[in-house]
Amino acid sequence: DQILPASTDRQAELRFWLAARATGVVALLLMTAQVVFGLVLSHPHNKTTWRVSKKIFPWHDHIWVFVMAFLVAHIVSLVVDPKAGVDVAGAFIPGLSQYRSAPVALGTLALYAFVITAVTARWTRLLPNGWWLMLHRLALVIFIFSWLHGILAGTDSAALETAYIGMAIAVTAAG
């Protein structure tokens, strides 16, 4: 309200929804880019792909920070929204959300898998042999759960249908 005061109560209510939806969509777009980069990096390397890999690895390696920042903003904006039907327990315990509990649970599970994948990617040397790759492959599950969460929990999924299809095509093509 300091920058642009809401002219109606409805406009003030929509700010939480807009913040939650925008941060969720941006997090999913960034996660899509991270998964696409990871899939491209996982292909066998020759001289051409090696040059590309050197350019995209830093992006793949650091996008998770931005994904996490937008996820935190997404969760906070939902929890503080009195009309969202998602309290702290509903946001962090799968199935406890009053609003579309199954789709929100998919998002919660994706969040936990994302944290596991990000943390283990940082400390790969502490893991037993073979564990890093097994855990890192959760990224596809994370993408699928997040993608389904956005489609099924989002109130404006029909308007974003083209974006969801594009994300699915990008990940499939990279795979």
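Hi everyone, let me start with a crossing: helix 4 and helix 6 cross in a left-handed way, meaning the near helix is turned anticlockwise from the far one by less than a right angle. This is a predicted model, where local features need pLDDT of at least 70, side-chain atom pairs count only at pLDDT 80 or more, and totals for chains, interfaces and linings use all residues. Residues are numbered from 1 along each chain as its sequence is written, and side-chain values use heavy atoms, with hydrogens and water left out.

So, how do we describe a pair like this? Two packed helices are described by the angle between their axes and the distance between the axes. For helix 4 (residues 101-122) and helix 6 (residues 138-153), the axes come within 8 Å and cross at roughly 150 degrees. The two are therefore roughly antiparallel, a label for angles over 145 degrees.

Which residues of helix 4 meet helix 6? Among them are P103, L106, F114 and I116, and on the helix 6 side we find, including others, I142, F145 and L152.

Last stop: L133, in helix 5 (residues 131-136). Its C-alpha atom is separated by 32 Å from that of A22, 111 residues apart along the chain. Thanks, everyone!

Definitions and conventions. Axes are lines fitted to C-alpha atoms, for helices over the stretch in contact, and angles run from 0 to 180 degrees between N-to-C directions. Helices (H or I, at least four residues) and strands (E, at least two) are DSSP runs, numbered from the N terminus. Angles under 35 degrees count as roughly parallel, over 145 as roughly antiparallel, 65 to 115 as roughly perpendicular and the rest as oblique. Contact means heavy atoms within 4.5 Å.
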